[in-house]
Amino acid sequence: MKLRTRLFITFGTMVMLPLILMAIAYMSIGIYMTHTIQREYGFETVDYETLSNSIQLSGEQTELLFYEFLDIINKTPEKLEDKSFLSILNDKAIEKASYIIVRKDNNLYYTGSHKAANRIFDDLPPYGHDTSVPDTGYYYNQLQKLVKQADFRFSDGSQGSIFIITPISSLFSRSFLIDMMVAIALILLFTACMLTQWIHKGVFRPIRNLNKAMQMIAEGNLDYSLTTDEKGEFGDLFRNYEEMRLRLKETTDEKVQSERQNRELISNISHDLKTPITAIKGYVEGLMDGVANTPEKIEKYVHTIYSKANDMDRLINELSFYSGIDSNRIPYNFHRINVHEYFRDCVEEVGFELESENIRLNYSSLVDPSVRIIADPEQLKRVINNIISNSIKYMDKPQGVINIRILDEIDSIRVEIEDNGKGIATKDLSNIFERFYRTDASRNSSKGGSGIGLSIVKKIIEDHGGYIWATSREGEGTCLHFVIRKYREVENDEQNIDN
């Protein structure tokens, strides 16, 4: 959920929820109090107007008590002279949140509350109130008292009056107000707790989780994942963090792998350089010590030294080329090349080396002599030399054979270089173009190699707009295929016209 939406919901909840809950509380408290009034005070009809109108409620709740007083006056007025009986009546009045005052002539005869009676006694109406209208009374606004009066005669003939005094502020209107204030406080507390929990869950918890995740990143732990189905800003933050984490992890893994490969490369190159250097030193010492004492031996020693020096040069060139691959700074000089002539020259050049290795070279070209391609001659020659070097390295037959075939693929040419070496296992075939990958787990000086030859081949072919793959059978040999598009004069002329 978006923060803007969350703020709107929070604002609406803060305004509307308390109002709704207060309305519910008002109705619930009102219903409860009406039932209470009906049960405790015997009123048949009590509504919300009664609860909010203290004077009406005061009159109604003392009405029954007043009728009881009138009945006593009419039947047994002498009971009103008995203060113990008056105390009983006062207790009944107290149950109605009232008290009584009995006046004899102009003197206070009995009261249920002397302190309250002293404040209102002098303001009480005189004897002679019309008792035939019992539902009338007096309201003293300044004292907030409702007074009902009934007159009678004492046994000695003195004028007597009995008053029911009801403080209207002490009735259910005050209780209702208190209950509503408590309800409002509880509603506000509930609303605040609910919104706090919601904001904590929707805002602070995601921030805390994101902060913890960033601390994990700072400590180098790139495996701490954050996933969420949340929408809005926090959902975007979580997804951006996860994308950042995966990229950092990928970069870190690549860096670790690159460092491992570089260490392996240095180890491989060091091992491969040590072999020809040791051989060169041995043959040079033989020359210096006079071991080669015939022209034939001297020529053989010099040829071997030259061959080993070429091996060293090849390794150093591979290393230099590898650094160019890593930085994408391989120098290319593309030219239009006649396929037939170019591969014929390459075959003649590599033929001498294969002869010395006791390997027979077969060459066939099925393309038209006029077919041309756009390629860098030097880099394409590197491709052929690397493939053939690999074939020589893993040749295990007494009579080795390498076949080079140039095939016509309509819009492109396909070059196949096949040997009868020991072949490559099916499980290794898809990995041979990866850097530093070698099918022979146990390394030895006779086969050596940096492990980057075929990765260089793949890079050069792909930079020429072609693609390369291999097929092999264990024990029978391996064939590498690569395809390069033909150069077409018509297409080139059309492009020049369009330009």
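Is Asp408 buried, partly exposed or exposed? Asp408 counts as partly exposed, at 36% relative accessibility; buried means under 20% relative accessible area, exposed over 50%, and partly exposed in between (1.4 Å probe, protein chains only). The points below set this residue among others.

1. Basis of the note. This is a predicted model, in which local features need pLDDT of at least 70 and side-chain atom pairs count only at pLDDT 80 or more, while totals for chains, interfaces and linings use all residues. Residues are numbered from 1 along each chain as its sequence is written, and side-chain values use heavy atoms, with hydrogens and water left out.

2. Confidence. The predictor's confidence in each residue is given as pLDDT, from 0 to 100. For the protein chain the mean pLDDT is 78, and 78% of the residues reach 70 or more. Residues 40-51 have pLDDT under 50, and the model has 35 contacts for them beyond four places in sequence; contact means heavy atoms within 4.5 Å. The pLDDT is also below 50 over residues 493-499, a stretch with zero contacts in the model beyond near neighbours in sequence.

3. Salt bridges in general. Side chains of opposite charge can pair when their charged atoms come close. Here a salt bridge is a side-chain nitrogen of Lys or Arg within 4 Å of a carboxyl oxygen of Asp or Glu. A search of the whole structure finds 18 of these salt bridges.

4. Asp408 and Lys486. These two residues form a salt bridge, with the closest N and O atoms 2.7 Å apart. The pair links distant parts of the chain, 78 residues apart: Asp408 is in strand β9 (residues 400-408) and Lys486 is in strand β12. Strands (E, at least two residues) and helices (H or I, at least four) are DSSP runs, numbered from the N terminus. Lys486 counts as buried, at 16% relative accessibility. Elsewhere, salt bridges that share partners join Arg405, Glu409, Arg414, Glu416 and Glu418 into one network.

5. Glu68 and Lys92 meet through their side chains in a salt bridge (2.8 Å, N to O). Glu68 lies in helix α3 (residues 54-75) and Lys92 in helix α4 (residues 83-95), so the pair ties together parts that are 24 residues apart in sequence. Glu68 is partly exposed at 28% relative accessible area, and Lys92 is partly exposed at 33%. Arg247 and Glu243 also form a salt bridge, the closest N and O atoms being 2.8 Å apart. Both lie in helix α7 (residues 232-288), four residues apart, about one turn of the helix. Arg247 is exposed, with a relative accessible area of 55%, whereas Glu243 is partly exposed, at 39%.

6. Phe482 in strand β12. Phe482 is placed in strand β12 (residues 477-487). Its relative accessible area is 0%, so Phe482 is buried. Leaving aside neighbours within four places in sequence, Phe482 is in contact with several residues, among them Leu380, Val383, Ile413, Arg414 and Tyr467. Val457 is 25 residues from Phe482 in sequence and 9.7 Å from Phe482 in space, C-alpha to C-alpha.

7. Aromatic pairs. Rings of Phe, Tyr and Trp (its six-membered ring) pair if their centres lie within 6.5 Å; planes under 30 degrees apart count as stacked, over 60 as edge-to-face and the rest as tilted. The structure holds six aromatic pairs. Tyr283 and Tyr301 are an edge-to-face pair, because their ring centres are 4.8 Å apart and their planes are at 85°. Tyr283 lies in helix α7 and Tyr301 in helix α8 (residues 295-326), so this pair ties together parts 18 residues apart in sequence. Tyr283 is partly exposed, at 26% relative accessible area, and Tyr301 is buried, at 15%. Tyr332 and Phe334 form a stacked pair, 5.4 Å centre to centre with 20° between the planes.

8. A cluster and two charges over rings. One aromatic cluster is formed by Tyr109, Phe152 and Phe154. A charge sits over a ring if NZ of Lys or CZ of Arg is within 6 Å of the ring centre and within 35 degrees of the ring normal. Lys83 lies over the face of Tyr109, at 5.0 Å from the ring centre. Lys104 lies over the face of Phe154, at 5.0 Å from the ring centre.

9. Cysteines. A disulfide is a pair of cysteine sulfur atoms within 2.5 Å, and by this rule the count is zero. Cys346 is buried, with a relative accessible area of 7%, and Cys479 is buried, at 6%.
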